[in-house]
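Let's walk through this fold together, one element at a time. Please keep the viewer open as you read.

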Amino acid sequence: MSAKVTILFLCTGNSCRSQMAEGWAKHLKSDVLNAYSAGIETHGLNPNAVAVMKEAGVDISSHKSQLLSDFDDIDFDVVVTVCGHAHETCPYFPGNAKIVHVGFPDPPALTKELAAQGASEEEQLACYRTVRDEIKAYVATLPESLGL
């Protein structure tokens, strides 16, 4: 493959999972991927996602939560939805974008449940670390696993 694959990681709010995926793609695969992330809505950058990515040596603190419409001028090769809501509401993409769904658990929702059960902050952060590592493992397979 000679040209880089232009990939968009799409989530509901572009605050956590899609941001981590973009961070990993830029960190691990910048030689073969042009990576972006966006949301159906914008919820701001999740500070716990920033913290656990920093622990892993990836700085996403300068990322912004962006809307899908911010990228209307980019012709994506692949759009990866990383949450169920984005997958269900994924808009039509003109051109030949391949739509792939790879769902990951929602760390903010998981930590909310844990907090209600009295879990410590460290136990709550463990959810973010687990999802961070699952996303890293997926991104490490790109672009080969896409069958392009």
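**Helices around α5**

P107, P108, L110, T111, L114 and A115 in α4 meet E123, Q124, C127, Y128 and V131 in α5, where contact means heavy atoms within 4.5 Å. Before going further, please note that this is a predicted model, in which local features need pLDDT of at least 70, side-chain atom pairs count only at pLDDT 80 or more, and totals for chains, interfaces and linings use all residues. Residues are numbered from 1 along each chain as its sequence is written, and side-chain values use heavy atoms, with hydrogens and water left out.

Helices (H or I, at least four residues) and strands (E, at least two) are DSSP runs, numbered from the N terminus. The axes of α4 and α5 come within 9 Å and cross at roughly 155 degrees. That angle makes α4 roughly antiparallel to α5. Here the axes are lines fitted to C-alpha atoms, for helices over the stretch in contact, and angles run from 0 to 180 degrees between N-to-C directions. Angles under 35 degrees count as roughly parallel, over 145 as roughly antiparallel, 65 to 115 as roughly perpendicular and the rest as oblique. The crossing of α4 past α5 is right-handed, meaning that the near helix is turned clockwise from the far one by less than a right angle.

Two residues let us look into this contact. T111 lies in helix α4, residues 107-116, and is buried, with a relative accessible area of 9%; buried means under 20%, exposed over 50% and partly exposed in between, with a 1.4 Å probe and protein chains only. Beyond its neighbours within four places in sequence, T111 is in contact with Q124, C127 and Y128. Q124, in turn, lies in helix α5. Not counting residues up to four places away in sequence, Q124 touches T111, L114, A115 and A119.

Two other helices also meet α5. The axes of α1 and α5 (residues 121-139) come within 9 Å and cross at roughly 45 degrees, so the two helices are oblique to each other. R17, M20, A21, W24, A25, L28 and K29 of α1 make the contact with Y128, V131, R132, I135, K136 and V139 of α5. For α2 (residues 47-55) and α5, the axes come within 9 Å and cross at roughly 60 degrees, and this pair is therefore oblique too. Here N48, A49, V52, M53 and E55 in α2 meet L125, Y128, R129 and R132 in α5.

Now for the strands, which pair if DSSP finds at least two bridges between them. Strand β1 (residues 5-11) runs parallel to β2, joined to it by seven bridges, and F9 stands opposite S37 in β2. Strand β2 (residues 33-39) is mostly covered, with five of its seven residues buried. Together, β1, helix α1 (residues 17-29) and β2 make a right-handed β-α-β unit: with the strands pointing away from the viewer, the path from the first strand over the helix to the second runs clockwise.

β1 also runs parallel to β3, with four bridges joining them, and L8 has V79 in β3 as its bridge partner. From β3 (residues 78-81), V78 and V80 point one way and V79 and T81 the other way, and all are buried. Four bridges join β3 to the parallel strand β4 (residues 98-101), where V78 stands opposite K98.
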